[in-house]
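Please read them with the structure open.

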Amino acid sequence: KVADEGYTNMLERFARECPNSQFIREFTKNCIQAILRYREVTKNPSYKGIINIDINWEFYEMTDIKKISFVDNGIGMSGEEMLNYVKDLASSSSVSTDFENYGFGAKVSAVTKNKMGIVYDSWKDGQGHRVIFKYNDSEKAYGIEQQEHGDDFVYFVPISNEFKPKIIKDNGTRVTLLGNKDSDDTYSNDYHNVKATTESWVLHYLNKRFTSFPENIDVSARIGHYRDLSDTRHNYLANAEGLDETLKKHVLKTGIVKLKDVNITWSILKEKRESHGREFVAGHTAVIHEGEVFDVSVGVGHKARDFGIIIGYKNIVFHIDAYSKKYVQNSTRDRVILQGEEQLPWDDWQNEFKSKMPKELNDYISEQLSKLQNEDNTKKIRDKLKDLTKYFTISKYKKSPKGKFLVNEEDLIET
């Protein structure tokens with residue numbers, strides 16, 4: 001079963017508009033939705049949800065090649081449901097299943113980087129099935145691969161529980177991305193052309209992209225996937241907490257300013273903060289929508305300056321909660337847009353915020369200006385002393401653990 005040429009072209013066009021790391025968001029959201037759906041169906045709101053972004057270890061044992069997989073213990077799909085869901089990747093027909101709202105982004109963010117196939121393994125009520133969605137070279141289109149089952153070729157096949165991930169009991173799903181070549185390591189950031197720390201890039205993405213995760217759902221990602229699995233100190237599953245929990249560790253002061261159609265949460269961060277590449281701790285401005293982080297600006301592009309933070313913005317965080325229904329995510333889920341407008345009303349937000357500037361931020365700006373003035377004066381004095389050294393005979397000294405004089409190296413004057 002393959003898509004028609006028009007749909008394949010549309011799929012590839014949307015894929016080109018997706019950021020290279022977008023697929024992590026899409027499949028993680030799918031996992032969350034599957035768990036929430038299971039809670040709803042079973043009327044068990046306290047059900048413990050687990051999501052692992054990991055290597056498909058069964059595939060690795062057979063091939064010695066590492067492929068990224070997304071595993072959840074959510075509602076799962078029967079063979080027929082899975083066929084209908086995946087078939088919707090290859091046709092424009094609507095499909096009425098528990099998964100019709102999984103989001104178009106998941107359907108376009110991964111396909112062009114995984115022409116060898118996206119493998120869906122799912123268990124529902126203890127029964128497992130597999131569907132493979134891949135690119136058909138002869139047809140020049142994406143579609144569902146026929147698999148051998150007995151004397152027939154079918155579009156979904158039953159799979160043994162020996163392939164079932166440990167976190168799945170009777171219900172759950174694993175999606176594995178095979179890449180464009182057999183040899184592709186699809187857990188590698190280099191494969192996806194993402195500039196990041198190889199050690200923990202997936203975890204860092206999760207902690208930056210999501211403010212938090214639903215209550216009683218644990219999300220984990222593999223650290224150091226390229227290391228030997230026996231090296232449990234450097235190769236292991238680590239919990240993702242989200243950006244809110246990260247910032248709590250580093251906040252000195254925080255507050256909320258209510259504007260006409262958004263709320264702005266501002267935070268002053270500690271000067272010294274570390275993340276080991278797993279968390280996002282830089283000062284920044286971002287738009288928050290439905291628990292996700294968009295339009296992040298950092299460094300010289302930090303929009304805090306336009307909100308009135310004229311100095312020290314590297315320690316400032318502005319989170320703009322676009323709670324109004326007129327703010328929506330675009331089709332590829334990588335931007336928040338204001339319906340009917342070409343861009344977000346940054347000027348309006350900035351002007352209104354400056355008119356309501358919190359006292360704590362004004363005090364912070366004053367402190368930073370005072371520090372800058374003191375630093376400038378100290379530098380001027382040192383520069384002046386350097387100019388005067390030519391008029392004096394200055395003794396020569398060298399470092400010695402048995403020396404007579406104790407000095408501060410920063411106060412020494414070079415001649």
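Where is the place of Glu162?

1. Glu162 sits in the loop between strand 8 (157–159) and strand 9 (172–177). Helices (H or I, at least four residues) and strands (E, at least two) are DSSP runs, numbered from the N terminus. Glu162 is exposed, with a relative accessible area of 62%. On the scale used here, buried means under 20% relative accessible area, exposed over 50%, and partly exposed in between (1.4 Å probe, protein chains only). The C-alpha atom of Glu162 is 8.9 Å from that of Glu58, and these residues are 104 apart along the chain.

2. A word on the basis. This is a predicted model, in which local features need pLDDT of at least 70, side-chain atom pairs count only at pLDDT 80 or more, and totals for chains, interfaces and linings use all residues. Residues are numbered from 1 along each chain as its sequence is written, and side-chain values use heavy atoms, with hydrogens and water left out.

3. How many salt bridges does a search of the whole structure find? The search finds 23. A salt bridge here is a side-chain nitrogen of Lys or Arg within 4 Å of a carboxyl oxygen of Asp or Glu.

4. Glu40 pairs with Arg37, with the closest N and O atoms 3.1 Å apart. Both residues lie in helix 2 (residues 22–42), three residues apart, about one turn of the helix. Glu40 is exposed at 52% relative accessible area. Arg37 is partly exposed at 27%.

5. Lys48 and Asp218 meet through their side chains in a salt bridge of 2.8 Å, N to O. Lys48 lies in the loop between helix 2 and strand 1 (49–55), and Asp218 in strand 10 (residues 217–223), so the pair ties together parts that are 170 residues apart in sequence. Lys48 is partly exposed, at 36%. Asp218 is also partly exposed, at 34%.

6. Glu271 forms a salt bridge with Lys314, and the closest N and O atoms are 3.3 Å apart. Glu271 is in the loop between strand 13 (263–269) and strand 14 (284–289), and Lys314 in the loop between strand 15 (292–298) and strand 16 (316–321), so this pair ties together parts that are 43 residues apart in sequence. Glu271 is partly exposed at 45%. Lys314 is exposed at 52%.

7. Which residues are linked in a network of salt bridges? The network links Arg25, Glu26, Lys29, Arg209 and Glu292.
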